[in-house]
Amino acid sequence: MHTILTVFKKELIDTLRDRRTLISAIIMPTILLPLMLYGFTKMSNSIMKKETEKKLKVAMLDAPQTFIEALDTARYEVISGMDIESGRDAILSDSIDAMVSFLDGYINSINTGSTGKVNMWYKSTNLKVKDRLSTVIDDYEQNILDNRIADMDLTKDAINPIELYQYDIAPKKEQLGKLAGGILPYLFIIFCFTGCMYPGLDLITGEKERGTIETLLTVPASRFKILMGKVLTIAVVGLAAAVMTILGLVAALKLLPDIPAHLLETISNIIQFKYVMMLFVMIIPLSFFFAGMISAMVVRAKSFKEAQSILTPISFVIIMPALIGMMPGIELTWTTAAIPILNIALATKEIVAGTINMGHYCFIVATLILLAIVAVFISYKQFSKEGMVLK
Amino acid sequence: MIQVQNIQKTYNLSKQQKKELQTQASSINAVNNVTFECQPGRVFSLLGPNGAGKTTTLRMMSTILKPTSGDIIIAGESVVNNPQKVRSKIGFLTGSTNLYDRLSPGEVVDYFGQLHRMDKNTLSQRKDQLFTQLGIHDFSKKRIGQMSTGMKQKVSIARSMIHDPEVVIFDEPTSGLDVITANSIIELIKDCKESNKTVIFSSHIMSEVDLLCDDLAIISKGDLVYNNKMENFRTEYAGTSLTEAFIEIVNNHQDQLV
């Protein structure tokens, strides 16, 4: 144990002085990710607000006076004197936002109780234009409908025979777990992997490339213990990256603008010791699995660049099951619980939702421990080969 | 004492390697039935052209590589049967200064001392002694990545000698160093000899060999082609420089192979 801890202590100091590892394992998940999330939400809210409040320039073709009068002049500017061609060109060049054309016979159709036809042109790339104008037209239509109902001596209830009341009794925690619970494992699995990747490259291939491995192999310590010290360091950095991701996300959610109070309460409800520990217990073997797998793969590489080219496609293989775990309809079963990465993604969703089946959970943890042992054993076998360790 | 007993190192060749070496053979002997002895208090020089098998032999002595057959007994321990005990008795230094750039000399030497299971006080005293002797104190807290090649080589020496090994293995220790740093290595080899350590070193610099060497062996294409005391060598090749004699021996062997 002395040798393992000595190697671990040295490698940890060495790793924490490496800028790439610090950025990928600590700074990205704790600072940049929350900042990006905060910045994106703030910017998106600001853009939406601006688009909602912006005064829209709308070309009107043959519009009835009642419709023009119904428009709020503070929010809409009516442009007249255009035809369809010039209106379309004006929309494409962004000199107006939309065009509404009431077709021939519109007023006659409305007056005779039939359907009047209206065309609307807009660019879907201009946010909110379609929604805002549709709302105006819907309100106008509702007004015509109310008048028709009144003319026919009917009540509104007569044309609405059923009034449906819906009650969603799923707890807020479960709703949040199913909706947002998928993104959490996706992020911490990626950060755990990248957190393991840089120390893995540096401590295994880097040591081989620099030639420091030769002198290290002349100390009275077994290769197994030297490797264990390295794997422990890689796993601890990966674990730290995953934990930092979770903490960073929680911090970001608490700081996000315009988050409803009930949602904040739900988030606080999720961050309970029991649930955090359940996540932690899964992430520990996951980090060792990544550390063992990365060590086994990069030990073959002769240079840092070669090792990077080996690991880059692997990161896509890791992302795929995490992405599948985000899909709706993919549930945690005994089958999915046996699929690495997917199982941790689905279990996290269930833990966040508070609906985890403890049998599934224990099976997943056992599977992850087994995988970690196999990965570390394979990396030891590789590390024991002369040809693998020396340049 | 080092007893090299009929060691052989065979490498299996991949398809790519066969193509590069233009051979149909499935394996290649890097070292072929080599036997020699190095005595305590004497400096043994292992010479040979590039690719002759010197580094492979030294790597087998330092337990980095395992001999395919034969054995090496170092200070009474077998590299085949008891490599860990051998490692506690050897110091290994190569010409390429292989160190950790983000650590300081103090941290590197502490790391290797701890891996050699030295107790805290002994490690501290020995480190202080080596740092004084090599003049490392002035830059002992600086990161290795910011140091000159000479400074790095001094740290490499301290790292290799921290556990006061009985046997010291130097693989081209002065390669690429300036005269002053190379001289510090030569002084270290002399010190090791005076303190009755067994020293083996490989080099391409014949003046160093002439200056330090008590026993001499020459390897060519994996075969041991010369092994004798330096005084006998000088008598045998009187009037010929070491370089000329070395070239003659190697050429004769290669002619025989052809």
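Two strands count as paired here if DSSP finds at least two bridges between them. With that in hand, take T94(B), which stands opposite D171(B) in β7(B). This is a predicted model, by the way. The strands β6(B) and β7(B), the latter covering residues 167-171, run parallel and are joined by five bridges.

So what about the cover on β6(B)? Five of its five residues are buried. I90(B), F92(B) and T94(B) point one way, while G91(B) and L93(B) point the other way.

## The open sheet of chain B

Chain B also has an open sheet of four strands, in the order β2-β1-β4-β5, with antiparallel pairing. Its edges are β2 (27-38) and β5 (77-78), each of which pairs on one side only.

Look at β1(B), residues 2-12, next to β2(B): eight bridges hold this antiparallel pair. Which residue of β2(B) is the bridge partner of I7(B)? It's V34(B).

## Helix α4 of chain B

Now for α4(B), which is mostly covered, with nine of its eleven residues buried. The buried set includes P105(B), V108(B), V109(B) and D110(B). Also buried are Y111(B), F112(B), G113(B), Q114(B) and L115(B).

What do these buried residues pack against? In chain B their partners are α5 (120-134) and α6 (149-161), and from chain A there is α1 (2-16). After the helix comes R117(B), with a positive phi near 55°.

## Where chain B touches chain A

The contact between the chains draws 23 residues from chain B and 19 residues from chain A. On the chain B side, the elements giving two or more residues are α3 (83-89), β6 (90-94) and α4 (105-115). The biggest giver is α4(B), with four residues. By type, the chain B side splits into ten nonpolar, nine polar and four charged residues.

## Chain B as a whole

Zooming out, chain B has ten helices and ten strands. Its C-alpha atoms fill a box of roughly 55 × 45 × 35 Å along the principal axes. Why call the chain compact? Because a compact globule with 258 residues would have a radius of gyration near 18 Å, and the 19 Å of chain B agrees with that.

Of the 258 residues in chain B, 41% count as buried. Among contacts in chain B with a separation of 6 or more, 72% come from residues 24 or more positions apart.

## Nonpolar cores

The largest nonpolar core has 138 residues, and C192(A), C196(A) and I294(A) have the most contacts inside it. Helix α11 of chain A, residues 223-255, provides the largest share of this core, 18 residues. In general terms, nonpolar side chains tend to be buried together in soluble globular proteins.

Leaving out residues up to four places away in sequence, C196(A) touches I234(A), A235(A), V237(A), G238(A), S287(A), F290(A), A291(A) and I294(A).

How values were computed:
Residues numbered from 1 in each chain as written. Chains lettered and ligands numbered in written order. Predicted model: local features only at pLDDT ≥ 70, side-chain atom pairs only at ≥ 80, totals over all residues. Contact = placed C-beta atoms within 7 Å. Nonpolar A, V, L, I, M, F, W, Y, C, P; charged D, E, K, R; others polar. Buried ≥ 20, exposed ≤ 12 C-beta atoms within 10 Å, placed from the backbone. Rg over C-alpha atoms; globule rule 2.2 N^0.38 Å. Core = buried A, V, L, I, M, F, W, Y, C linked by C-beta atoms within 7 Å.
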